[in-house]
Amino acid sequence: MVKQRHQLFAFLFMVSDLCMVSVAWVASYFIRFQTDVVPAVKGIPRIDEYLLMLVPVWVIWGIVFRIVGLYRPMRGVRRRRELWLLINANSFALLVLIAFVFLFREKQVEYSRLVFLCFGFAVTVGTMSQRLALRFFLSEARRKGFNLRYLLVVGAGRVAEDVVARVRTQRDLGIQLVGCLSRNGEEEVGPHGAPVIGSYSDLEGVLSRVSVDQVVIALPLEDSPMMPSIMGSLRDTLVDVKIIPDLYQFVSLGGAIEEFEGLPVISLQGSPLEGLGSVAKRVFDVLVGSVAAVVLLPFMLIVGMLVKCTSRGPMLYKQERVSYDGTRFWIYKFRTMRLDAEREGPGWTRPDDNRVTPLGRFLRAMSLDELPQIFNVIRGDMSLVGPRPERPVYIDEFRHRIPRYMLRHKVPAGITGWAQVCGWRGDTSIDKRIEHDLYYIEHWSLIFDIKILALTVLRGFFNKNAY
C-alpha cells in the first residue's frame with residue numbers, strides 16, 4: 001500500500017514538474033519575442049518550432065530529475081536539500097538540452113540563446129516554487145491525519161529518544177508512532193512517553209498483529225550484538241526498514257552517509273567545502289578579492305608609505321601560519337611592531353604593549369594591518385571568510401588542550417570570520433573562538449560568508465580587543 005501511494009505521488013510530482021517546465025519554456029519564448037526588452041532583429045520565429053522542442057525537453061527533464069533522486073520518497077528530507085537538488089538538476093538538464101540542440105537541430109531552425117537563458121532561470125524558480133507549494137499542501141494534509149505512515153522504533157536508548165522527539169515535534173512528516181521495543185520489554189513507558197509494546201525478540205509477533213509501514217532500528221551501542229537476530233525477524237516482511245546507528249558521541253563535524261565502491265560508509269568528520277562548494281567559495285574569493293585589491297590598492301600604498309616613514313624596517317611583515325588541511329603559508333600584514341618585537345620569543349599582544357608603534361596601534365585598532373592579506377586570498381593561501389589562521393607554535397599547544405581544535409582546519413583560513421564579528425578576537429577566550437569557528441564550518445554557505453563580510457564592514461573594523 002505504501003509503495004503504491006509512493007508511485008502515485010511520484011507520478012503526480014513528475015506531471016507537475018513537466019507542466020512547470022512546459023510553462024517556463026513557452027513563457028521564455030513569449031518574453032523573448034513578444035516583448036520589446038531585446039529587439040528581434042532577425043525576425044520572430046514560428047512558435048510551432050519551439051513547441052516541437054517540448055518533446056526533448058520533457059524527456060531530458062524527466063530522466064535527469066529521476067536520476068538525481070527527485071522522485072524518491074522525501075518524507076523527512078529537509079526542504080533545502082530538495083531545493084539544492086532542483087538547482088543542480090535544472091542546471092544539468094539545461095546543459096544537456098543545449099548540447100542536444102547544437103548536435104541535432106535542423107540547419108534552417110535557429111534557436112535564440114536568450115530563450116535558453118530565460119528558460120534556465122524560469123524553470124529553476126518555477127520548479128522550486130511548485131515543489132514548495134506541493135510540499136506545503138502535503139504537510140497540511142498530514143497534519144490533519146491524511147497519508148500517515150505508522151512507525152515502530154526498535155530501541156529505547158538515546159538514539160530512539162531523538163527519533164521519537166522528531167516524530168512528535170514534526171507533525172507535518174505524517175508519521176504516527178506505534179511504539180518502541182526495548183531489550184527485555186519490561187518498561188511500560190519508553191523515550192518521551194512512547195509506549196513500550198514488547199522486546200526485541202517480540203518484533204516478528206508485533207509486526208504480525210500491528211499495522212506498521214516503517215521500522216527504525218535505533219539500538220544503543222551496547223545492544224549491537226542483537227542486530228543479527230533483529231534483522232532475521234525482518235527478512236520475511238515488506239515493511240520499510242531504516243537503521244540509525246548509535247554513533248552520536250563519535251560525530252565531530254559534518255557526519256554523513258557516503259559510498260566507497262558500492263559500500264555504505266558513515267563519515268564522522270568531513271568538510272562542507274567539497275565539490276561544487278569548494279569551487280563556489282574559491283570563485284567568490286577571487287572575484288571579490290580582485291575587486292577589493294583594485295579598489296584598495298591606492299589606499300594600501302599610502303598606508304605602506306606611512307609605515308615606512310614612521311618607523312625603521314619594511315612596510316610589510318610576514319609570518320608563518322596554518323590554513324586548510326594543515327597547509328603552512330606566509331601571511332602578510334602591514335608591520336605594526338618594532339623589528340625586535342619577538343627578541344624574547346613569540347607572545348600575544350597586550351594592551352599598551354610597548355612593542356607596537358604609534359601608527360601600528362591605530363592600524364591594529366582599525367584592522368587595517370590585515371589589508372595585504374587580500375593578496376593571500378587571490379593566491380589561494382586563504383579565503384575572505386574562515387577561521388583566523390594561527391601560528392604553528394600556538395597550534396601545537398592548543399591542539400592538546402582544546403577538544404576538536406584541529407577541526408577548524410577543515411576549511412581555508414580567512415581574513416575575517418564568525419568568531420571575529422562576534423567579538424572573539426585578539427587576547428580573548430580561545431575556547432569561544434573555536435566554538436564559533438566550528439559553528440561556521442557546520443553551517444557554511446556563500447550566504448553566510450556574505451553576511452560575515454557585511455558584519456565585518458559594519459562593526460568589525462573597530463574592536464576593543466584589537467591591540
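Reader: Among contacts between residues at least 6 apart in sequence, what share joins residues at least 24 apart?
Author: In the protein chain, 70% of those contacts join residues at least 24 apart. Bear in mind that this is a predicted model.

Reader: How many helices and strands are there in the chain?
Author: The protein chain has 15 helices and 11 strands.

Reader: And what percentage of the residues is buried?
Author: Buried residues are 45% of the 467 in the protein chain.

Reader: Let's do the open sheet. What is the strand order?
Author: The order is 3-2-1-4-5. That open sheet has 5 strands, and the pairing is parallel.

Reader: Which strands sit at the edges?
Author: Strand 3 (196-199) and strand 5 (240-243). Each of these pairs on one side only.

Reader: What is the average twist?
Author: The twist averages 25 degrees from one strand to the next.

Reader: How many bridges join strand 2 to strand 3?
Author: There are 3 bridges between strand 2 (residues 175-182) and strand 3, and the two run parallel. In one of the pairings, Leu181 has Gly198 of strand 3 as its bridge partner.

Reader: Which strands does helix 6 touch?
Author: Helix 6 (residues 158-169) packs on the sheet and touches strand 1 (149-154), strand 2 and strand 4 (214-217). Its direction makes about 160 degrees with that of strand 2.

Reader: What about helix 8, which strands does it lie across?
Author: Helix 8 (residues 227-234) lies across strand 1, strand 4 and strand 5. Helix 8 runs at about 175 degrees to strand 4.

Reader: New topic: Lys281. Where is it?
Author: Lys281 is in helix 9 (residues 276-310).

Reader: Is Lys281 buried or exposed?
Author: Lys281 is buried, because its relative accessibility is 3%, and the cut-off for buried is under 20%.

Reader: What polar contacts does the Lys281 side chain make?
Author: One is with the side chain of Ser383, at 3.2 Å. Another is with the side chain of Tyr440, at 3.1 Å.

Reader: On to aromatics. How many pairs does a search of the whole structure find?
Author: The search finds 14 aromatic pairs. One of them is Tyr29 with Tyr50.

Reader: What is the geometry of Tyr29 and Tyr50?
Author: The pair is tilted. The centres are 5.1 Å apart, with 50 degrees between the planes.

Reader: Which parts does that pair tie together?
Author: Tyr29 lies in helix 1 (residues 2-33) and Tyr50 in helix 2 (residues 47-51), so the pair links parts 21 residues apart in sequence.

Reader: Are the two tyrosines buried or exposed?
Author: Tyr29 counts as buried at 4% relative accessibility. Tyr50 counts as buried too, at 2%.

Reader: Which residues make up their aromatic cluster?
Author: Trp25, Tyr29, Phe30, Tyr50, Trp61, Phe116 and Phe119 form one cluster.

Reader: Now the hairpin. How many bridges join strand 8 to strand 9?
Author: There are 7 bridges between strand 8 (residues 316-322) and strand 9 (residues 328-334), which run antiparallel. Glu320 has Trp330 of strand 9 as a bridge partner.

Reader: What lies over the face of Trp330?
Author: Lys318 does, at 4.8 Å from the ring centre.

Reader: Which hairpin residue takes a positive phi?
Author: Asp325, near 55 degrees. The hairpin has 5 residues between the strands.

Reader: What about Ser367, what is its phi?
Author: Ser367 has a positive phi of about 60 degrees, although it is not a glycine. Most residues other than glycine have a negative phi. Ser367 lies in the loop between helix 10 (358-365) and helix 11 (373-379).

Reader: Is Ser367 buried or exposed?
Author: Ser367 counts as buried, at 10% relative accessibility.

Reader: Last one: where is Leu455?
Author: Leu455 is in helix 15 (residues 446-460). Leu455 is buried, with a relative accessible area of 15%. From Leu455 to Thr416 is 9.8 Å, C-alpha to C-alpha, and they are 39 residues apart in sequence.

How values were computed
Residues are numbered from 1 along each chain as its sequence is written. This is a predicted model: local features need pLDDT of at least 70, side-chain atom pairs count only at pLDDT 80 or more; totals for chains, interfaces and linings use all residues. Side-chain values use heavy atoms; hydrogens and water are left out. Two strands pair if DSSP finds at least two bridges between them. Helices (H or I, at least four residues) and strands (E, at least two) are DSSP runs, numbered from the N terminus. Axes are lines fitted to C-alpha atoms, for helices over the stretch in contact, and angles run from 0 to 180 degrees between N-to-C directions. Contact means heavy atoms within 4.5 Å. Buried means under 20% relative accessible area, exposed over 50%, partly exposed in between (1.4 Å probe, protein chains only). A polar contact is a pair of N or O atoms within 3.5 Å; within protein, one must be able to donate a hydrogen and the other to accept it, and residues adjacent in sequence count only if both atoms are side-chain atoms. Rings of Phe, Tyr and Trp (its six-membered ring) pair if their centres lie within 6.5 Å; planes under 30 degrees apart count as stacked, over 60 as edge-to-face and the rest as tilted. A charge sits over a ring if NZ of Lys or CZ of Arg is within 6 Å of the ring centre and within 35 degrees of the ring normal.
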